Amino acid sequence: MQELEQSYRTIGDNVYRFRVLQHMTQEELAESSNVSGAYISQIERANLHKGITCTAMINIARALGVPVCVLMSEKPCQHYLDYLSSAAAHRLADECVVASNST
C-alpha cells in the first residue's frame, strides 16, 4: 500500500509542477481536462480514496501537453520541464505585450 501512496504523491507532484509551469489554476486545468476542480485538488494532494482513473490521467496529461508517462515518472524528463518553462515564459511575454498595447 505504501508504494501505491508514493505513486499517487509522484503523480500529484507532477500534475502540480506542470500546471504551475503553464500558469494554470486548478479550475482551468479541470475545465480543459474535463474533470472537477476538487478532483484536481485531490490528485495534487495525493488525497485519493479510489485512485486515479486512466481517463482522467489521459485528459490531464493532454491538457498539460505532456505524455501520461511524464506524470507518472519520479524524475520528469528535463526536456519537458525546459520546454514548458520556455513556453510559459513566452506566453507571459506575449501577455505583457498585449496588456501594454491595450492601455
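**Terms and their grounds**

Modeller: Let us start with Leu64, which lies in helix 4. Please bear in mind that the model is predicted.

Colleague: Why is Leu64 called buried?

Modeller: The relative accessible area of Leu64 is 0%. Buried means under 20%, so Leu64 is buried. The C-alpha atoms of Leu64 and Phe18 are separated by 6.6 Å, although these residues are 46 residues apart along the chain.

Colleague: What makes Thr10 buried?

Modeller: Thr10, whose place is in helix 1, has a relative accessible area of 8%. The cut-off is under 20%, and Thr10 is therefore buried. Leaving aside neighbours within four places in sequence, Thr10 is in contact with Leu71, Met72, Ser73 and Glu74.

Colleague: How do you know that the span of helix 1 agrees with its 20 residues?

Modeller: The expected span is 1.5 Å times one less than the number of residues. For the 20 residues of helix 1 this should give 28 Å, and the end C-alpha atoms are 28 Å apart, so the two agree. The buried residues of helix 1 include Tyr8, Ile11, Val15 and Phe18. Helix 1 is followed by His23, which has a positive phi, near 55°.

Colleague: Which residues of helix 2 are buried, and why are they said to be on the same side?

Modeller: In helix 2, residues 26-33, the buried residues are Leu29, Ala30 and Ser33. They cover an arc of only 100° around the axis, and therefore they lie on the same side of helix 2. On the other side, Glu27 and Glu31 are exposed.

Colleague: What do the buried residues of helix 2 pack against?

Modeller: They pack against helix 1 (2-21), helix 3 (37-45) and helix 4 (54-64). Just after helix 2, Asn34 takes a positive phi of about 60°.

Colleague: Which residues touch the most other members of the largest nonpolar core?

Modeller: Among the 21 residues of this core, they are Val15, Ile43, Ile52, Ile60, Leu64 and Leu71. At least two residues of the core are supplied by each of helix 1, helix 2, helix 3, helix 4 and helix 5 (68-72). Helix 4 gives the largest share, 5 residues.

Colleague: What does Ile43 touch, not counting residues up to four places away in sequence?

Modeller: Ile43 touches Tyr8, Ile11, Gly12, Val15, Leu48, Ile52 and Ile60.

Key:
Residues are numbered from 1 along each chain as its sequence is written. This is a predicted model: local features need pLDDT of at least 70, side-chain atom pairs count only at pLDDT 80 or more; totals for chains, interfaces and linings use all residues. Side-chain values use heavy atoms; hydrogens and water are left out. Buried means under 20% relative accessible area, exposed over 50%, partly exposed in between (1.4 Å probe, protein chains only). Helices (H or I, at least four residues) and strands (E, at least two) are DSSP runs, numbered from the N terminus. The arc is that of the directions from the helix axis to the C-beta atoms. Contact means heavy atoms within 4.5 Å. A nonpolar core is a set of buried Ala, Val, Leu, Ile, Met, Phe, Trp, Tyr and Cys residues joined through side-chain atoms within 4.5 Å.
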